[in-house]
Amino acid sequence: MTASRGSTPAVLIVEAEACVHHPDPAVPDPAPRPARPTSRDVARAAGVSQATVSLVLGDKWRGRVSERTAHLVREAAGELGYRPNLAARNLRLGRTRTALLVVPALTNEFFARVYTGAARIAAEHDFGVVLYPSPEGVGPARDPFASARASLDGVIASSMAAGALRAIRGTDLPLVMLDSDPADPGAAAHVNLDIADGVRQVTDHLLALGHRRFAHLASAVPSWTFEVRGRAMDACLGGLSGVSVRTVPAPLEVDGAREAAERALTAPGDRPTALICDDDIVAAGACKAVRRLGLRVPEDVSVTGFDDLALATAVEPELTTVRLPAERIGERGMAALLDVLAGRDPERGDLPVTLVPRGSSGPPPAA
């Protein structure tokens with residue numbers, strides 16, 4: 001039935017009243033939920049003051065409270081099921097216990113593993129990690145910090161997401177850089193891999209197999225970590241008698257890398273017998289190029305990668321590559337941020353990397 005304009009309010013009121021729940025006096029109300037235990041309850045159960053409870057559960061009791069008393073407090077808290085109200089404590093401290101991890105893209109398995117490592121250490125210290133991937137993968141991104149800055153304690157960022165970092169530099173938020181120039185004064189700490197040693201391991205491996213003609217498929221992404229690869233390549237192979245190196249820029253995607261590898265293999269002059277690739281995705285494209293040209297890996301051309309992604313064992317033959325400890329980088333990055341926030345010196349020293357020889361590298365073809 002359609003009501004007139006004047007009767008509409010009355011109809012609505014009647015219908016609303018019809019929907020009101022009137023408890024049946026014959027049915028007892030559900031039992032009230034037990035109150036959440038407080039620090040006062042813990043203090044009463046342990047026979048100590050609330051201040052002592054705060055010291056013990058805040059892990060600040062050493063030298064101020066006896067071991068026995070600390071044990072009594074922890075035991076009482078456990079029996080009562082008491083958990084500190086972290087939100088209230090953080091508001092008092094002006095801290096949210098939240099870190100922002102800035103990476104170029106989550107489509108890259110490497111950075112997903114970095115996040116896993118950072119989140120593991122964060123969880124051990126009641127921290128959370130908010131992930132911000134640059135929408136374009138690399139290069140400039142929208143400012144992720146304007147609305148979030150007040151709710152962050154610090155930032156951990158990959159040097160490959162440099163475009164997204166412009167907004168954070170110059171603020172009071174501590175910044176921990178991953179795989180970046182250690183001379184950068186804008187970071188509170190740096191966590192780096194020994195990339196140059198990884199290149200040395202690759203070139204030593206290929207030289208020992210007898211290779212003397214190389215093509216370096218160098219990432220076209222402007223980033224410190226890829227610049228290190230190029231400099232290390234020059235240091236390892238430049239000036240060696242009878243050794244030639246051809247550098248060809250390659251995008252970080254399979255089809256573009258395949259095209260770059262085809263250019264390297266069909267350029268005038270002697271064909272390279274080994275393709276040294278800046279990462280595994282580029283190496284996968286290089287393997288496709290070799291096959292498209294009617295050649296074989298590694299009988300005609302050896303191919304090496306960098307990262308040791310799952311992709312490295314999915315291709316055939318499996319890829320010789322440099323294993324980068326991605327989760328360990330995330331762990332060290334989060335630990336460094338915690339150290340900075342606590343006023344401690346972060347751990348120093350580059351993380352070691354390891355060559356993993358597999359079927360994609362072998363001796364060069366006989367002349």
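1. Strand β6 (residues 213–219) and strand β7 (residues 244–250) pair in the parallel sense, over seven bridges. Two strands count as paired if DSSP finds at least two bridges between them. Helices (H or I, at least four residues) and strands (E, at least two) are DSSP runs, numbered from the N terminus. F214 has V245 as its bridge partner in β7. From β6 the chain passes through helix α8 (residues 224–237) to β7, and this β-α-β crossover is right-handed. That term applies if, with the strands pointing away from the viewer, the path from the first strand over the helix to the second runs clockwise.

2. This is a predicted model: local features need pLDDT of at least 70, side-chain atom pairs count only at pLDDT 80 or more, and totals for chains, interfaces and linings use all residues. Residues are numbered from 1 along each chain as its sequence is written, and side-chain values use heavy atoms, with hydrogens and water left out.

3. β6 also pairs with strand β8 (residues 274–277), in the parallel sense over four bridges. Here L217 has C277 as its bridge partner in β8. β6 is mostly covered: six of its seven residues are buried. Buried means under 20% relative accessible area, exposed over 50%, partly exposed in between (1.4 Å probe, protein chains only).

4. T203 lies in helix α7 (residues 195–209). Its relative accessibility is 1%, so T203 counts as buried. T203 touches M233, C236, L237 and I276, leaving aside residues up to four places away in sequence. Contact means heavy atoms within 4.5 Å.

5. T273 lies in the loop between α9 (254–266) and β8. T273 is buried, with a relative accessible area of 5%. Its contacts, not counting residues up to four places away in sequence, include H211, R212, R213 and D300. The C-alpha atoms of T273 and L206 are separated by 9.7 Å, although these residues are 67 apart along the chain.

6. Five strands form an open sheet, with parallel pairing and the order β2-β1-β3-β4-β5. β2 (128–133) and β5 (189–191) are the edge strands, each pairing on one side only. Neighbouring strands of this sheet are turned by 20° against each other on average, direction ignored. Strand β1 (residues 98–103) and β2 pair over six bridges. T98 stands opposite G128 in β2.

7. Helix α6 packs on this sheet, touching β1, β2, β3 (154–158) and β4 (175–178), and its direction makes about 160° with that of β2. α12 packs on the sheet too, touching β1, β2, β3, β4 and β5; its direction makes about 165° with that of β5. Axes are lines fitted to C-alpha atoms, for helices over the stretch in contact, and angles run from 0 to 180 degrees between N-to-C directions.

8. The axes of α6 (residues 109–124) and α12 (residues 326–342) come within 6 Å and cross at roughly 40°. The two helices are therefore oblique to each other. Angles under 35 degrees count as roughly parallel, over 145 as roughly antiparallel, 65 to 115 as roughly perpendicular and the rest as oblique. The contact is made by residues including F110, R113 and V114 of α6 and A326, E327 and I329 of α12.

9. For the whole chain: twelve helices and eleven strands. Of its 367 residues, 45% count as buried.
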